[in-house]
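Biologist: I am new to this structure and would like to know what stands behind the words used for it. Please show it, and then start with a definition.

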Amino acid sequence: MAMNNEVMDALITTYCKQLKMPGIHQIYEEAARTASDSNQNYSSFLVACLSHEIETRKERQMERGLKQAHFPWKKSLGDFDFTLTPKLPKQKVISLAEGAFIKNKENIICVGESGTGKTHISIAMGLSAIQNGYRVRFIKAVTLVQELLAAEKEFLLPKYLKTWNKYDLVILDEFGYIGLGPGGSLLFQFCTERYESGSIIITTNLNFSRWAEILGDATLTTALLDRLTHRSHVLLFEGESYRFRERCNNLGIDPPLQGGVGS
């Protein structure tokens, strides 16, 4: 018995909900009209519907990933001016952004003066990782330590640490700006938990020789660096400060051609 259009539309709506295919439900009427107008066969119509469903799922995955990541802003590699940091290996950065380091449970440490683009590059890599299906979380080092201390105070540290296991990549931003006090040992524990089980990107304004100033313990620092630098990539950022150049532009003055002015 033939079904009228109203019944078929109702069934399609029901089936799309049951199969969790909102993309097909969104496009099927338009795709059907296009197929009819251009004399396309059934296969072409089906391909159009499935293609739209795939794109819709990618968009939803990206939205969920961005929400979960907590980026302070969105930055891509295309927005980064490598000419301001001429010693930063552009091709290596582009290669790392493809995500193999996450698959291999490797780390990246971005070292350089304030304002030279470390956070920009880390977010760009995080954005690329989300596009490749990885789960990412961005957090400032001091914020993480505060949360670790709070969890320890409430006797919830093991549970809190486990909540990070779902992330393939953790971006730990601005390590080195503030001493961590008693939180230094907790940060060590956090990194140890992720050792060879998940990747970390760390941005820091301090050379490795000065990390003990932040962690407050030379032995702990050595142990932490041993874990972080094993199977890691170190990117050195030397050059003109992005923020300094932006301030100069806002003031209508020409920034110096060279220099590593921070803020």
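Modeller: Buried means under 20% relative accessible area, exposed means over 50%, and partly exposed is in between, with a 1.4 Å probe and protein chains only. Helices (H or I, at least four residues) and strands (E, at least two) are DSSP runs numbered from the N terminus. The model is predicted, so local features need pLDDT of at least 70 and side-chain atom pairs count only at pLDDT 80 or more, while totals for chains, interfaces and linings use all residues. Residues are numbered from 1 along each chain as its sequence is written, and side-chain values use heavy atoms, with hydrogens and water left out.

Biologist: What makes E3 mostly covered?

Modeller: Six of the seven residues of E3 are buried.

Biologist: Why is Glu-174 called partly exposed?

Modeller: Glu-174 has 33% relative accessibility, so it counts as partly exposed, the class between under 20% and over 50%. Glu-174 is in strand E3, residues 169-175. Its phi is near 60 degrees, a positive value in a residue other than glycine.

Biologist: Why is Lys-105 called partly exposed?

Modeller: The relative accessible area of Lys-105 is 34%, so Lys-105 is partly exposed. Lys-105 lies in the loop between helix H5 (100-103) and strand E1 (107-112). Phi of Lys-105 is near 60 degrees, positive in a residue other than glycine.

Biologist: What joins E3 to strand E4?

Modeller: E3 and strand E4 (residues 199-204) also pair in the parallel sense over five bridges. Val-170 has Ile-200 in E4 as its bridge partner. From E3 the chain crosses through helix H9 (residues 183-194) to E4, a right-handed β-α-β crossover. Right-handed means that, with the strands pointing away from the viewer, the path from the first strand over the helix to the second runs clockwise.

Biologist: What makes E2 and strand E5 the edge strands?

Modeller: The open sheet has five strands in the order E2-E3-E4-E1-E5, with parallel pairing. E2 and strand E5 (232-237) each pair on one side only. E1 and E5 run parallel and are joined by six bridges, with Cys-110 opposite Leu-235 in E5.

Biologist: How many cavities of 30 Å³ or more does the structure hold, and what makes a space a cavity?

Modeller: The structure holds two. On a 1 Å grid over the protein atoms alone, a cavity is a set of points where a 1.4 Å probe fits but cannot get out, and lining residues have an atom within 4 Å of a point. Grid points are joined across faces, edges and corners, and the volume is the space filled by probe spheres set on the points. The largest cavity has a volume of about 50 Å³. Its lining includes Asn-107, Cys-191, Arg-194 and Ile-200.

Biologist: Which element gives the largest share of the lining of the second largest cavity?

Modeller: H9 does, with three residues. That cavity has about 30 Å³ of space, and among its lining residues are Phe-190, Glu-193 and Arg-194.

Conventions. Pairing = 2+ DSSP bridges. 1 Å grid on protein atoms, 1.4 Å probe; cavity = no way out; pocket = protein on both sides within 12 Å on 5 of 7 lines; lining within 4 Å.
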